[in-house]
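Student: I have a model open on my screen and would like a close look at one part of it. Could you take me through the salt bridges, and then show me how they sit in the rest of the chain?

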Amino acid sequence: MPPKSDSVEGIVLGFVNEQNRPLNSQNAADALQKFNLKKTAVQKALDALADSGQISFKEYGKQKIYIARQDQFEIPNGEELEEMKKRNAKLQEELADQKKAISEVESEVRGLQSNLTLAEITSKETKLQSEVQEMEEKLNKLRSGVTLVKPEDRKIIENSFAEKVNQWKKRKRMFKELWDNITENSPKDQKEFKEELGLEYDEDVDVNLQSYSDMLASLNKRRKISR
């Protein structure tokens, strides 16, 4: 029997079904603070709902991921899905038009804001002259053969870089394994699901792990040669 809608289990069940995405107890507790529910109560309700089969869950080490049962949702047929795609395409076009209009307005605003006063121009000129002088001093030091970075400082920086690249690789691999497990039996389109969760891949923000891996490989090769 489903719980009453105003009970703790009823509130948690309604939230999980409404979200229809992977959640942990902290996600649910944060979102349900408006109902004055403590994390302990939310965790207890999630476990009870999972034990009774009203929601699904998977364990990843000590972490539990909960998600609404997918068999309760009506899956659209081919015609309905095609119609939804058409509506989505139309909405995307309208959204693109709105974004273009907003971009044009923002560009005009930036153009107006970029007109500096005489005092601002004078201040900027002074700052630029100071930066040019500082850069010329550094350039003169380089030309004279002065080492700007101590060997021990460079080693610390290189070790830190290597550690961060290795952590990046490790976490990228962990995320892929978790994502594959979560989406394995999900009827949702993975790209749409990713956008719904607000996830961004490296390529979405113009970052390429391979380029940093190549830099790390080059660094390791140079270290071996210098030994």
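Tutor: Happy to; we will start with the chain as a whole, go through the salt bridges one by one, and then visit the pocket and a few asparagines.

Please keep in mind from the start that this is a predicted model. The protein chain has eight helices and two strands, and read along the sequence they come in the order α-α-α-β-β-α-α-α-α-α. The radius of gyration is 27 Å, well over the 17 Å that the globule rule gives for 227 residues, so the chain is more spread out than a compact globule. Along the principal axes, the C-alpha atoms fill a box of roughly 80 × 55 × 40 Å. Of the 227 residues, 17% count as buried.

Now to the part you asked about. Side chains of opposite charge can pair when their charged atoms come close. The structure holds five salt bridges, and I will walk you through some of them.

Let us begin with Lys64 and Asp47, which form a salt bridge with their closest N and O atoms 3.4 Å apart. This pair links distant parts of the chain: Lys64 belongs to strand β2 (residues 63–68) and Asp47 to helix α3 (residues 39–51), 17 residues apart. What about their exposure to solvent? Lys64 is partly exposed, with a relative accessible area of 28%, and Asp47 is also partly exposed, at 22%. For some context from a record, an unreviewed UniProt entry lists residues 8–68 as "domain: Homologous-pairing protein 2 winged helix".

Next, turn to Asp202 and Lys172, whose side chains meet in a salt bridge with an N to O distance of 2.9 Å. Asp202 lies in the loop between α7 (190–197) and α8 (209–226), while Lys172 is in helix α6 (residues 151–183), so the pair ties together parts that are 30 residues apart in sequence. Asp202 counts as buried because its relative accessible area is 17%, under the 20% cut-off. Lys172, in contrast, is partly exposed at 39%.

Another bridge joins Glu196 to Lys188, with the closest N and O atoms 2.8 Å apart. Glu196 is partly exposed, with a relative accessible area of 42%, and Lys188 is partly exposed as well, at 27%.

Lys188 also takes us to the largest pocket. That pocket is lined by 14 residues, and those nearest its centre are Pro76, Leu81, Met84, Lys188 and Glu192. The pocket has a volume of about 590 Å³. Which helix gives the most to its lining? Helix α4 (residues 78–113) does, with four residues. By type, the lining divides into six nonpolar, three polar and five charged residues. Lys188 is therefore one to select on your screen, since this partly exposed residue both bridges to Glu196 and is among the residues nearest the centre of the pocket.

Met215 is found in helix α8, and Met215 is partly exposed at 47% relative accessibility. Met215 and Asn185 are 30 residues apart in sequence, and their C-alpha atoms are 38 Å apart in space. Asn220 is in helix α8 too and is partly exposed, at 32%.

Most residues other than glycine have a negative phi, and most peptide bonds are trans. Asn20, in the loop between α1 (8–19) and α2 (25–31), has a positive phi near 50°. Asn36, in the loop between α2 and α3, likewise has a positive phi, of about 60°. Are these two buried or exposed? Asn20 counts as buried, at 12% relative accessibility, whereas Asn36 counts as exposed, at 70%.

How values were computed
Residues are numbered from 1 along each chain as its sequence is written. Side-chain values use heavy atoms; hydrogens and water are left out. On a 1 Å grid over the protein atoms alone, a cavity is a set of points where a 1.4 Å probe fits but cannot get out, and a pocket is an open set with protein on both sides within 12 Å along at least five of seven lines; lining residues have an atom within 4 Å of a point. Grid points are joined across faces, edges and corners, and a volume is the space filled by probe spheres set on the points. Ala, Val, Leu, Ile, Met, Phe, Trp, Tyr, Cys and Pro count as nonpolar, Asp, Glu, Lys and Arg as charged, and the others, Gly among them, as polar. A salt bridge is a side-chain nitrogen of Lys or Arg within 4 Å of a carboxyl oxygen of Asp or Glu. Buried means under 20% relative accessible area, exposed over 50%, partly exposed in between (1.4 Å probe, protein chains only). UniProt positions are given in the numbering used here, feature names are shortened, and annotations may be inferred rather than shown by experiment. The radius of gyration is taken over C-alpha atoms; the globule rule is 2.2 Å times the number of residues to the power 0.38.
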